[in-house]
Amino acid sequence: MKMCQPLGFAFVTYSLLAALFSSLATASIHHGSVCNSLDQQNSKIVLKNSKGVQNIGNKAVKVICPLIADHLDATINPSDKSGGVLVDYRTSVPFSTSMSCTLYSYDYTGEFLGSASFTSGFNFYITLHGVPVGQWTNHSVVCTLQPLDRIIGIESSL
Amino acid sequence: MKLVGFLAIVSGLVLPLGVLISQKVESKQAAITGSGDPVIIQETAKISNNRLTTGSQDDLGENLQVLAKDVVKLRAEVMALRTELQVQKQRQFVMSKTAVPARQEAKTVLEMHNNAKVLAEADKQNKEQGEILETGFRHQTENVKWSAQAKNLVQGALSKDKIPLDNVIGVECRSSMCRVELTGDANNQPASIAELPMAVAEEFPNIRANHIKGSDGTVTTILYLSKSEFTPSTQN
């Protein structure tokens, strides 16, 4: 019975996520190598290759990942209409709670509109949603990678 | 005398018959070699006629070579036309996919940004959003212990974005939300927020901003930081 509880929780979580993303607009998948080091001095320990982006140093680094979003069908002004992002990653220690990411939303003048964060990711993916999405908004994801952590890709339904 | 007369009769009958037969053979040859192609039939007839006079096989070969070259040229032109047609079709497809949606009033994004009607509508929606967020915050009661700790956290996070203390109008926290009011910078630009969300991510994973532009050109930014996601139920 105790064994069934985590399985049941995982099943419910997966179902909810599937329902969430199936109801959203067209999705795009960004390869992890689109991410860059947020700090110039850490760029040498941020390795990008066909497997994504990885922290090959011995300290935590932040990476910023730009997202391309097609807003042609969105309302002109950002409103409660929210989009979702899913970050696929691998940590050096399986199921460690070290991964954290923040999804940003800005308008075309560079004004900050909102953000959504998730810390303590433990299950190989992080979902982020609830930021304003409008026809002229731009978005990015900033994640903190511990040593040897890797981002594989980012699925976006913004 | 009788012999001469006999020979005259035979020649008068046989010779025309021979000519008639040879003409029929020539026309049959022309029909076979021409295969219905008038140019070739004409050429063959010419050659046949010439054979009667000159008999040149080289002329036939030359003419056929000329024909072969013409056919090659024609085939190349048809291929080029087909390619051009395909390119045109592809251009039409691309144009149709990138066409501006009909419901947009202006033709380009730049025109939309400068369109007074569009901007007025955007301002109206901004104002309504702000009112919803403000109402949601005001509905919360204060948890004294939590609000003090939260306020310290937020004030520390503001320094991450190098926002001067003079630009902070107020920081107020209730039971699960904080409200931060900021003035614009020296150029009346809204406060620049980038590091703050990450600094408070664990306590406030959800942040919304409302930028209020005054009639005097000043701008005030109000940040709403929340432990839970912004939904109509939590905002009200």
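Which residues have the most contacts inside the largest nonpolar core, and how many residues does that core have? I began my notebook with this, keeping in mind that the model I am reading is a predicted one.

**Entry: the largest core.** I looked up the largest nonpolar core and found that it has 26 residues, with B:Leu158, B:Leu182 and B:Leu225 making the most contacts inside it. I then asked which elements build this core, and noted that at least two residues each come from strand E7 (99–106) of chain A and, on chain B, from helix H6 (144–160), strands E1 (168–173) and E2 (177–183), helix H7 (196–199), and strands E3 (206–213) and E4 (219–226). Helix H6 of chain B gives the most, with five residues.

**Entry: around B:Leu158.** I went on to B:Leu158 and, leaving aside its neighbours within four places in sequence, I listed its contacts as B:Ile163, B:Val168, B:Val171, B:Val180, B:Leu182 and B:Leu196.

**Entry: a second core.** I also found a separate core of 24 residues, which includes A:Val87, A:Tyr89, A:Ile126 and A:Ile151.

**Entry: disulfides.** Turning to the cysteines, I noted three disulfides over all chains. When I numbered the bonded cysteines of chain A in sequence order, the pairing read 1-2, 3-4.

I took A:Cys35 and A:Cys65 to begin with, whose sulfur atoms are 2.0 Å apart, and the link is right-handed, with 105° about the S-S bond. A:Cys35 sits in the loop between strands E1 (28–31) and E2 (36–37) of chain A, while A:Cys65 belongs to strand E5 (residues 61–67) of that chain, so the pair ties together parts that are 30 residues apart in sequence. I recorded both A:Cys35 and A:Cys65 as buried.

Next I looked up A:Cys101 and A:Cys143, a disulfide with its sulfur atoms 2.0 Å apart and, at 110° about the S-S bond, a right-handed link. This pair joins distant parts of the chain, with A:Cys101 in strand E7 of chain A and A:Cys143 in strand E10 (residues 138–145) of chain A, 42 residues apart.

Are A:Cys101 and A:Cys143 buried or exposed? I wrote down A:Cys101 as buried because its relative accessible area is 2%, and A:Cys143 as buried because its relative accessible area is 0%.

Conventions: Residues numbered from 1 in each chain as written. Chains lettered and ligands numbered in written order. Predicted model: local features only at pLDDT ≥ 70, side-chain atom pairs only at ≥ 80, totals over all residues. Heavy atoms only, no water. Core = buried A, V, L, I, M, F, W, Y, C linked by side-chain atoms within 4.5 Å. Buried < 20%, exposed > 50% of the residue type's maximum accessible area, 1.4 Å probe, protein only. Helix = DSSP H or I, 4+ residues; strand = E, 2+ residues; numbered from the N terminus. Contact = heavy atoms within 4.5 Å. Disulfide = S-S within 2.5 Å.
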